[in-house]
Each structure stands twice: as structure tokens, then as C-alpha cells.
Amino acid sequence: MGLHAFLLLACALFSVGLYGVLSQQSIVMLMMGLELMINGLLAAAGAFWYHVAPASADGQVLVLVAVTVMALEMVMGFAVTTAIFRAREIDMTDEAEDLRG
Amino acid sequence: MGEALVLLGAVGTLALCAAVFDAVLAVPGGGAGEPLRRVARLLLQQRRRTRLADTLLVRTGVCGLLAVAVLAGAVLPLGERPVAEMAVGVVWFNAMEVGAWGALWLVGWGVNSVYPLVGGYRFVAQGLAYELPHMFALITVALGAGSLRFADVVAAQRGLWFAVWMPVAFAVYLVSAVAMAFWGPMDGPVSDDICGGVPAELSGPDRLVFQAGRYALLVVVAAAAVPLFLGGGAGPLLPPWLWTALKTVAVLALLVWSGRVLPTVRMDLFTRLSWLVLIPATLLQLLVVSVVVL
Amino acid sequence: MRDVAFWVLAVVAVAGGVAVFRVGSMARATFALLGSLVAVGLALLLLGLEYLGYVIILMMVMEMLVMAVFMVMYMMNPAGLMPMRMTHNARWAASVAGAVFVLLATGTFLLPEPVRHGRPPADPTRALGLAIMGPKMLVMMIIGVAILATMVSSVVLSVNRRHPGRGC
């Protein structure tokens, strides 16, 4: 249960999430990929706190920030999805391609 | 190990008592044997199935409701000590009871039927309404005790019960406890206007476990009011475990009785009440307690 | 014992993450993600981070329930009863993700075992509370402002302009 094991878990979660973000068409599924990537960050931050600098609370604060970011990301994601769905009845990234640039 | 058995036995007994009391209130003079008859009937009943139900999710939800209720009870002191002594027991209690949201939504969604689905969504709405006031009530208690450990919370009430000098937090806790166990005036997710709501399509053992989970949740949230607000096992003459049991029964009886005499509250009214009245009230209570503690 | 617990939780976390993109039903996908998040929360308990572990479980259950509501609202096939593909460039995405994993994992194992500064405090929760109310207060203040900004902007984005006063 050393630092390496935790970082391996974090890498795996991050990569699975990255696959989701890159491959999913639906905005909601894409956000689940993002959540998974941040989930990997949580594991890594906790492990770094324990194995590198347990005396200061920096790692714990980072976990707290990451959890908050997850919630905020979800709120903004759904607000954007709602707005875009109301405007043109779509929820897919490919159909919103003209928003590029 | 022994304490875990005591916890299971206590939750089971109190849940049965609550069901019997509720049946007596429903049919004055008779009905005391109804819960046991219902248990026997459900055990023998044949399972009814719906088309294209997601059985995995339904089973997860049905068993999950009972599981989170018992796990939340694990940090409550049974007299002297809880099953699991935790430094952040109050957070654990809160985290486990939120699992009821997942359990109800899963059952409502999984059976693939209209009314259970409506019930499941109603409970998510209800959860979003009751959870913030509930959390603020718990935070007020933790602030008053200066600790998130249930044992410290009980010890901090040696002079004065929290129910006395945090009456708003206590009242809000009781309201949110009822809402959490979808009981009494907050039984929208399982109410008659949607044909019984979430468990409408459950039958046989599934329904039995679901109902057991609902009563267990009611017992656990009532039992949590004792260490949080009513001084835990403190009291003259009698041993702590007996005081804990007596106070739990009193709170439980109050909740069951309120469920029978109060009409179901509409969800949008409860949400409005919760955000416009309960949250500001608990915040003010939090302010008062902070000033006193300082 | 703790090692076994960690590896079980790690496998559950990754398997849940993979299941999110493999199952057809949105309800199952959401709860697979919840399983992954809860497993990481439990893994933090092994590091002695009791408070953060429970807070993660608490927040993620609530968050995933809200997510399930929106999933069912916006997906055209929420129950997965009609098989359909909702991906683009799946093979390219899989190879990029695989390459990133190999890169990160190699980097992890090339890393020398770090020197540990100090020991964990007796009560990490207390240390966290003192940190965010003391030296790390700026972080929490910024988070507070970010939450407020998110609340305002999400309401602005999702309010119905064509029918003001109506929810949807």
C-alpha cells in the first residue's frame, strides 16, 4: 500500500476517465469521464499527503478543493447542457460543433 | 461482536414495536397483530415481476436501504459504547443515511413502472430539501460539543441537554428525521396518491426487506436524537442503556404518532419551507451557539 | 490485511470506472461511477483520512443522484433497452488513454521513494480544520467565491427566458 500502489490506482482512474472524455458523444457521459479523472486526483492527493508530507495539511486541503471542484464542474456542466438543450434540443458534443472557435 | 448483535436485536425489536404502534393507531382497539400477519403473508407470497425490470438495481436498492440504516446505527452509543467508535461519527452517520436516497431512487427506477419512478424522484426532491437544514442541525450539535465524536457530544450535555439550549436545531432535526425516513407528513414518496409509490411493484420478500429497512431507518434516526440532543444515557437511578432505550422509545413514539395525525405535506411546499424558513433558522441557531461557545 | 483491502478497493474503483462506459443503462452507469468514487473514499480511510473519506462518500452519493436525474432527462436511451452507440473515435480515444496510462505508470515507477517529512498528526481532521481556518484560509475564501459564482451563473444559464417564471 505504498505511494506507488496509490499512484498506479490514480493513473488507471485518470486514463479510464480520459478515454470517456475523448470518446463519449453525450455531454453527460463526458462529464462522468471528467469526474473519474478528478477521482484519480483524489487518490493521488491523499497518498501524497500520507507518504510525503503528513505533518502539514496541504494534501488534505487539496482533496477538499478537488471534491468541491467536482461538484462545481457538475453544476456548470448541467447548466450548460440545459441551456444548450433549450436552445436547440441537442445534448451531443458533435451537434454543437459550430460553437467552436 | 456482542455489541453488533445487541444493535441488530435492538433495531429489530424497536422496528417491530413501531410497526405494532402504527397498526394500533391505524385501527383503534385492534390491529396489534397486523404487522406479524403481514410479515407471514409477505414471506409466503409469490414474487410478482414487471416487464424489463432491472433486477440487479432493485435488489441493490432494497437491501441497501436496510444496510445503510444499520450502518448508520453503528456509531450510536448503546448505553455506554457504540458498535464502532469513530472520531468523526457524526459525519459517518450523515454519510450513511444519505445512502437512503440512492436506495429509493434505485428501487423506483429499477422496477420499470410509472408510480415507483414518480416516488423515487419525489424522494430525491425531498432529499435536496431536507438535507441542508439537517446538516446544519448536526453541525450545530458538533459545534456545541466541540467534537464530531458521539461520545464527546453526550459528555458535553452533562450539564444541560442540547434539546434545551438548541431548540431550533432539535426541531429541525426531528423534521428532517421524519423526511429522511419518508414517514408521516413527509411520506410523499410512498403516499397513496401514487398507489404506494416506490414499493408499489415490490412483492414477497423484496417488499418485506424494503419495509424492514424503512422501519429500521425510522428507528435509527429516532435513536440518534438521543445522543445528539437528549443527553444520551444520562439520567437518575436507572443504568445508561435503559435510559437510552426509554428516550429512544419516546422519540420513536412521537414520530410514529405524528405520522398518523398529520396530513402529507406537498413536496413543493416543503421545499419552499425548507429553503426559506428552516435553513435561515438553523443558520441563526448556529450563530447563537457559536457566540455562546466562544 | 490493509494491503488486501487496498487492492480490493483499487480493483473495485477501476472496474467501476470501466463499467461506466460499458453498460447500456444510464442508471447502471451512474451507480458504477458511484461505486468507483466510494471505493476511493474508502481507500482514503486506509491512510487515516477518516473525515475526508466520509465526506467523499456523503457528497458523491448526493452528487450521483443529481447526476442520475439529469442523465435520465437528457439521454435519448436512458434505460439502455435499445442497443446504440454513443461514441466517436472510440479506438483513437482508447489508444490515447492507454498511452497516457503507460506514460504515467512508467513515470510513477521511475520515481524514487520520496523522503517522508514528519508523521501524520494524531487527529488529521483537527489538523485540516486548523489549516483551513489559519494558513490556508485564502484557499477556502476563493472556493467560497467560486461556489457563489457557480450558483449565480448556473441559475443564469438554466433559467427559461422564453417563459420566465416557469421552471422548464
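Among contacts in chain A between residues at least 6 apart in sequence, what percentage join residues at least 24 apart? The figure is 52%. Keep in mind throughout that this is a predicted model.

Let me stay with chain A for a moment. Its secondary structure amounts to 3 helices and 0 strands, and along the sequence the pattern reads α-α-α. Taken along the principal axes, the C-alpha atoms occupy a box of roughly 50 × 20 × 20 Å. The radius of gyration is 17 Å, whereas a compact globule of 101 residues would come out near 13 Å. As for burial, 56% of the 101 residues of chain A count as buried.

There is also an annotation to set beside the coordinates. In an unreviewed entry, UniProt lists residues 6-22, 29-50 and 62-85 of chain A under "transmembrane region". I checked two of these spans against the model. Residues 6-22 of chain A are 100% helix and 0% strand, with end C-alpha atoms 24 Å apart. Residues 62-85 of chain A are likewise 100% helix and 0% strand, and there the end C-alpha atoms lie 34 Å apart.

The contact of chain C with chain B takes 17 residues from chain C and 17 residues from chain B. On the chain C side, the elements giving two or more residues are α2 (26-46) and α3 (50-74) of chain C. Of these, α3(C) has the largest share, 11 residues. The classes on that side are 12 nonpolar, 2 polar and 3 charged residues. Chains A and B, by comparison, have no contact joining them; the closest C-alpha atoms of chain A and chain B lie 14 Å apart.

Next, chain C itself. The domain assignment gives domain 1 (1-78) and domain 2 (122-168), and the C-alpha centres of these two domains of chain C are 22 Å apart. For chain C, UniProt again lists "transmembrane region" in an unreviewed entry, at residues 6-24, 31-49, 55-77, 89-111 and 137-159. Residues 6-24 of chain C are 79% helix and 0% strand, and their end C-alpha atoms are 29 Å apart. For residues 89-111 of chain C the figures are 91% helix, 0% strand and 33 Å between the end C-alpha atoms.

Helix α6 of chain C covers residues 137-158. At 1.5 Å a residue, its 22 residues should span 32 Å, and the end C-alpha atoms are 31 Å apart, so the two agree. How many of the 22 residues of α6(C) are buried? The count is 1, so to speak a helix that is hardly covered.

Helix α10 of chain B, residues 240-261, has 22 residues and should span 32 Å; the end C-alpha atoms are 32 Å apart, which agrees. The buried residues of α10(B) include Trp243(B), Leu252(B), Leu255(B) and Gly259(B), and Lys247(B) is also one of them. What do the buried residues of α10(B) pack against? They pack against α1 (2-26), α8 (167-180) and α9 (204-229) of chain B.

Trp161(B) sits in the loop between α6 (150-156) and α7 (162-165) of chain B. Trp161(B) and Phe229(B) are 68 residues apart in sequence, yet 6.1 Å apart in space, C-alpha to C-alpha.

Note on methods:
Residues are numbered from 1 along each chain as its sequence is written. Chains are lettered from A and ligands numbered from 1 in the order in which they are written. This is a predicted model: local features need pLDDT of at least 70, side-chain atom pairs count only at pLDDT 80 or more; totals for chains, interfaces and linings use all residues. Helices (H or I, at least four residues) and strands (E, at least two) are DSSP runs, numbered from the N terminus. The expected span of a helix is 1.5 Å times one less than its number of residues. A residue is buried if 20 or more other C-beta atoms lie within 10 Å of its own, exposed if 12 or fewer, and partly exposed in between; C-beta atoms are placed from the backbone. Two residues are in contact if their C-beta atoms, placed from the backbone, lie within 7 Å. Ala, Val, Leu, Ile, Met, Phe, Trp, Tyr, Cys and Pro count as nonpolar, Asp, Glu, Lys and Arg as charged, and the others, Gly among them, as polar. Domain bounds come from an automatic or database domain assignment. UniProt positions are given in the numbering used here, feature names are shortened, and annotations may be inferred rather than shown by experiment. The radius of gyration is taken over C-alpha atoms; the globule rule is 2.2 Å times the number of residues to the power 0.38.
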